[in-house]
Amino acid sequence: MAVVAATALAAPLLLGAAPNHGHGHGPGHSKGPSKEAVKLSRELVKKASARDAYRHLQQFQAIADSADGHRAAGSLGHDASAAYVYRQLQRAGYQVSYETFRFPYTETLAEKLAVVSPTPRDVSIKAMTYTPSTRVGGLTAGLVNVPVDDTSGCEASDYASANFTGKIALIKRGGCTFAEKQAAAADAGAAGAVIYNNTEGLLSGTLGDAAAGRIPTGGVTQEEGEKLVADLAAGEVTVSFEVRQLQEERTTRNVIAETRGGKAANTVVLGAHLDSVTEGPGINDNGSGSAGLLDVALKLAQSKSKPANKVRFAWWSAEENGLLGSEAYVAGLSEKQRGQIKLYLNFDMIASPNGVQFVYDGDDSDGVGAGPGPEGSAQLERDINKFLDSKGKKHEGTDFTGRSDYGPFIEVGVPSGGTFTGAEGIKTAAQARVYGGEAGVAYDACYHAACDNLSNIDMRHFDVNIDVIANAVGTYAHDLRSLTRPVTPAPSTGTPGSGGGLHDGHGHEVTE
């Protein structure tokens, strides 16, 4: 009941008639599309704002506050968030639908690690997604270090130098997946695994799926791991280890809204994930992208423009569980429907408090990580950069790491792009000189934490990225011709903007 009450807090919006009751200028016109695109993009950039979008963030916070502190997929908090977004769009005149799917829900119930002897102390640990659970109260056992090499803990031979039976294996990240590490430790008789990072920052990992889990497994920082290694070098170490996780199949829903008119053969899709992790309300991750997208969609509905192309907005669920909402959506498209989608733009974490203005590197001109996106992705990057340049805003590239909902679209060849202001990655001194903020600190120190609340929003970044969304909607609603114009590569000091590595969903790392 409290959740339902929270969703009812928003006052009705006075929106204009639904857009797209006519076809406007088709893409074959030489001047019409460009003129209409410029007009609409200017109008939307002027009217869309961080101030208005912040009201949606307040609703998401109120929902989380009334629903166990989070808005995770499969929870009452997410259901209420989806209902709130659905209602706003329906009132605005969009054709709105839910897309329901089942998924494996996980919620960490306990994650504790403590040195019992020789010198007692607590150690911060994060349970791996899909980890098996210890018994309630955990277990007390000896800690044993796995020798470090390029593939630490990946092979049976790594466990030959010590007795791991009934012990907790301490393993350095790198060389293979976390699932492979804990499986090798299990084969050696270990009762649990603690994997420590090989770079700065949190280690928020996944074993991939429940079937892969063999023994309770958690991740610790590089600093904590190296302290434990030093302790073991001095003598025996006994730890208390408890990792417990609820795992069950649940149902959740994407929210999909599209203009009632516009050419379906030229469909423009923009998306943001609406779900949070269970650790907090997810106001930056990803209330920010969801609220920004919603504000622009409502402002489009208020405009008098009748886009030539169909514009579709999506609020994905279960992104934090491995991009499951966007994967379900793309998998459900027919070949014809996939061909109708001319581009996908993704907006995830667009208001990080110590952020950097990242633009997805569509042409791989930065040479970081993954290769270029499908043909047309370079043009999307170019168009966003051009807009930011026109506003005098600094920006740099970020890699398609596979951490967010562009992933399934890239896999089927849809040109993709978007913006991001950083997660748990560490801001460099050079970035601090350009963007302000504090070097040596995460772009979002509250990433996947309870403190990702309304105080975790940088309104300047929020406003800039909402303008990016508004400009893109206004432009591509009428004119797609820029997607075929040649691009001159412009390398930047590209970075993933987050912890490096391969991922199964946003923030759920699989390996280094």
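Reader: At what angle do helix α2 and helix α13 pack, and how far apart are their axes?

Author: In this predicted model, helix α2 (residues 32-47) and helix α13 (residues 459-476) pack at an angle of about 155°, and their axes lie 7 Å apart.

Reader: Why is α2 called roughly antiparallel to α13?

Author: Angles over 145 degrees count as roughly antiparallel. The angle here is about 155°, so α2 is roughly antiparallel to α13. The crossing of these two helices is right-handed.

Reader: Which residues of α2 and α13 meet?

Author: From α2 come A37, L40, S41, L44 and V45, and these meet D467, A470, N471, V473, G474 and T475 of α13. The residues of this contact comprise 6 nonpolar, 4 polar and 1 charged.

Reader: What makes α4 roughly parallel to α7?

Author: Helix α4 (residues 76-92) packs with helix α7 (residues 283-302) at an angle of about 15°, with axes 9 Å apart. Angles under 35 degrees count as roughly parallel, and therefore α4 is described as roughly parallel to α7. Their crossing is left-handed.

Reader: What makes the pairing of the S365 and D363 side chains a polar contact?

Author: One requirement is that a pair of N or O atoms lies within 3.5 Å. The side chains of S365 and D363 make their polar contact at 2.9 Å.

Reader: How is it known whether N354 is buried or exposed?

Author: The limit for a buried residue is under 20%. The relative accessible area of N354 is 9%, and therefore N354 is buried. This residue is found in the loop between β11 (341-347) and β12. Not counting residues up to four places away in sequence, N354 touches K427, G437, E438, V441, A442 and Y443.

Reader: Which backbone oxygen does the side chain of N354 reach?

Author: The side chain of N354 reaches the backbone oxygen of V441, at 3.3 Å.

Definitions and conventions:
Residues are numbered from 1 along each chain as its sequence is written. This is a predicted model: local features need pLDDT of at least 70, side-chain atom pairs count only at pLDDT 80 or more; totals for chains, interfaces and linings use all residues. Side-chain values use heavy atoms; hydrogens and water are left out. Axes are lines fitted to C-alpha atoms, for helices over the stretch in contact, and angles run from 0 to 180 degrees between N-to-C directions. Helices (H or I, at least four residues) and strands (E, at least two) are DSSP runs, numbered from the N terminus. Angles under 35 degrees count as roughly parallel, over 145 as roughly antiparallel, 65 to 115 as roughly perpendicular and the rest as oblique. A crossing is left-handed if the near helix is turned anticlockwise from the far one by less than a right angle, and right-handed if clockwise. Contact means heavy atoms within 4.5 Å. Ala, Val, Leu, Ile, Met, Phe, Trp, Tyr, Cys and Pro count as nonpolar, Asp, Glu, Lys and Arg as charged, and the others, Gly among them, as polar. A polar contact is a pair of N or O atoms within 3.5 Å; within protein, one must be able to donate a hydrogen and the other to accept it, and residues adjacent in sequence count only if both atoms are side-chain atoms. Buried means under 20% relative accessible area, exposed over 50%, partly exposed in between (1.4 Å probe, protein chains only).
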